[in-house]
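Subject: Structure handover

Hello,

Here is the structure I promised to pass on. Please open it and keep it beside this note while you read.

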Amino acid sequence: MRVLLDMVIHGFNEKSPLIKERPELFVRTEAGALALHPTWKSVTTDWAAIAYQQYMVDLVRHDVREYGIDGDRVDAATYKGPGWDANVARPAYRSGSAAPELMTAMLQGMRELKPDAVLLSEVFGPLYYSVCNLAHDNQTEAPQFLLEKMEAGEMTAASYKAHIANVFDALPVGANRVFYTRNHDTSWFYHFNGYTPRFMSMEAVHAFFGIPEVFGGDPKHGPHPEADPTVYARYQKLFAARREYPELMRGQTLLRAVDADNPHIFTGLRRAHDRLTLVAISFSEKEEDVSIRLSAGAVRTGNDLQVFDVLSGETLSVNQAGQKSDAVRLRLKPFQVLISRL
């Protein structure tokens, strides 16, 4: 287990003594007043200031030495830029100015003390995952919105697979992507419809094709995942499968190496050393047949497949007689999650 501190650095409280002690750290308006964050009204720091960058490097290095932490999560890394150009149409806080330079310096500073330190940026995009070895998405309502689209028949598992594949194609070598279906802001900025079977199918995608982020619950906006024993048990089964199949944690992700003829089934491969593992996840409330075509280099070794049902714990033998070695034919129960080493 690694421990990260959540750095909620929207700015400083207006009563902070640092405002008078270190005025060079802060952004001021053209009138000379302290600039305030437009949402949180905190006193805005100047991410482009060399003095502020050094202040943050000193802070994270102090935390590594003092508390032995493994890194930091940087909250809302955008919306921090100074108003460097009054002619820019968007507000200054949306410029994100100097965020990459600041986070690069912070990560380097920590790694001088702890070489495997990590920096997780809440904001995802080329600007941010290029300077952080972990990134996730601050579009907090998006997963819930997508699930509602699926419920309405407007989107499918295939839609989500296409999105995930594009995300991985954009990541630079060595970067890792954190995924979630619910987080601390979901209910604040949108709403949460509960731990439905389709919600848990999306969590299975995140568990087996990324680094899953599971939200522990919001005291003001329930329910909590541990409030329902069946929900908690499903999470336990997903993470037990990750331990049983280490390639699902550390293997190469190959989403485009498999094509499924059923849009309600999410399919993908993970490869590690000589192990090639197929995952099939149903997003459907009905039984679904699917034919999965494997790309070159991803073929079955025999006529029968040994398939592990993650939720039931059963291992099934699925006959593939008469099928091509580059194809797999499966029938999935509603919201079933299957894993098979090829």
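Ser-201 lies in helix α8. This is a predicted model. With a relative accessibility of 1%, Ser-201 counts as buried, because the cut-off for buried is under 20%. Leaving out neighbours within four places in sequence, Ser-201 contacts Ile-281, Ser-282, Phe-283 and Phe-335.

Two of those partners deserve a look of their own.

Take Ile-281. Neighbours within four places aside, Ile-281 is in contact with Ser-201, Ala-204, Val-205 and Phe-208, among others. The list also includes His-264, Ile-265 and Phe-266, and then Leu-332, Gln-336 and Val-337.

Now Phe-335. This residue sits in the loop between β14 (327-332) and β15. Phe-335 is buried, at a relative accessible area of 10%. Its phi is near 55°, a positive value in a residue other than glycine. Most residues other than glycine have a negative phi.

His-273 also has a positive phi, of about 60°, and is not a glycine. It is found in the loop between β9 (265-272) and β10. Is His-273 buried or exposed? His-273 is exposed, with a relative accessible area of 82%.

The bond from Gly-222 to Pro-223 is cis, with omega near 0°. Pro-223 is in the loop between β6 (211-212) and α9. Most peptide bonds are trans.

The cores

The largest nonpolar core has 35 residues. Which residues have the most contacts inside it? They are Tyr-160, Phe-208, Phe-266, Ile-281, Phe-283, Val-310 and Ile-339. At least two residues each come from α5, α6 (157-170), α8, α9 (229-244), β10 (275-282) and β15 (337-341). Helix α8 gives the largest share, eight residues.

Helix pairs

Two packed helices are described by the angle between their axes and the distance between the axes. I have two pairs for you.

Helix α5 covers residues 142-151, and helix α8 covers residues 197-209. Their axes come within 10 Å and cross at roughly 125°. That angle makes α5 oblique to α8. The crossing of α5 past α8 is right-handed. On the α5 side, the contact is made by Pro-143, Leu-146, Leu-147, Met-150 and Glu-151. On the α8 side, the residues are Arg-198, Phe-199 and Met-202. By type, this contact has six nonpolar residues, no polar ones and two charged.

Next is α2 with α3. Helix α2 spans residues 50-67, and helix α3 spans residues 99-113. They pack at an angle of about 30°, with their axes 9 Å apart. Helix α2 passes α3 in a right-handed crossing. From α2, the contact takes Tyr-52, Gln-53, Met-56, Val-57, Val-60, Arg-61, Val-64 and Arg-65. From α3 come Glu-101, Leu-102, Ala-105, Met-106, Gly-109, Met-110, Glu-112 and Leu-113. How do these residues divide by type? There are 10 nonpolar, two polar and four charged.

Two more residues

Phe-26 is placed in the loop between α1 (18-21) and α2. At 6% relative accessibility, Phe-26 counts as buried. Phe-26 and Thr-44 are 18 residues apart along the chain, and their C-alpha atoms are separated by 5.9 Å. Not counting residues up to four places away, Phe-26 touches Phe-12, Leu-18, Ile-19 and Leu-34, among others. Its partners also include Val-43, Thr-44, Thr-45 and Asp-46.

Asn-176 is in strand β5 (residues 176-179). Asn-176 counts as partly exposed, at 35% relative accessibility. Beyond its neighbours within four places, Asn-176 contacts Asn-133, Leu-134, Ala-135 and Ile-211. Asn-176 and Val-3 are 173 residues apart in sequence and 17 Å apart in space, C-alpha to C-alpha.

The whole chain

The protein chain holds 10 helices and 15 strands. Its C-alpha trace spans about 75 × 40 × 40 Å along the principal axes. Of its 342 residues, 50% are buried. Take the contacts between residues at least 6 apart in sequence: 67% of them join residues at least 24 apart.

Best wishes

How values were computed: Residues numbered from 1 in each chain as written. Predicted model: local features only at pLDDT ≥ 70, side-chain atom pairs only at ≥ 80, totals over all residues. Heavy atoms only, no water. Helix = DSSP H or I, 4+ residues; strand = E, 2+ residues; numbered from the N terminus. Buried < 20%, exposed > 50% of the residue type's maximum accessible area, 1.4 Å probe, protein only. Contact = heavy atoms within 4.5 Å. Axes fitted to C-alpha atoms, helices over the stretch in contact; angles between N-to-C directions. Parallel < 35°, antiparallel > 145°, perpendicular 65-115°, else oblique. Left-handed = near helix turned anticlockwise from the far one by under 90°. Nonpolar A, V, L, I, M, F, W, Y, C, P; charged D, E, K, R; others polar. Core = buried A, V, L, I, M, F, W, Y, C linked by side-chain atoms within 4.5 Å.
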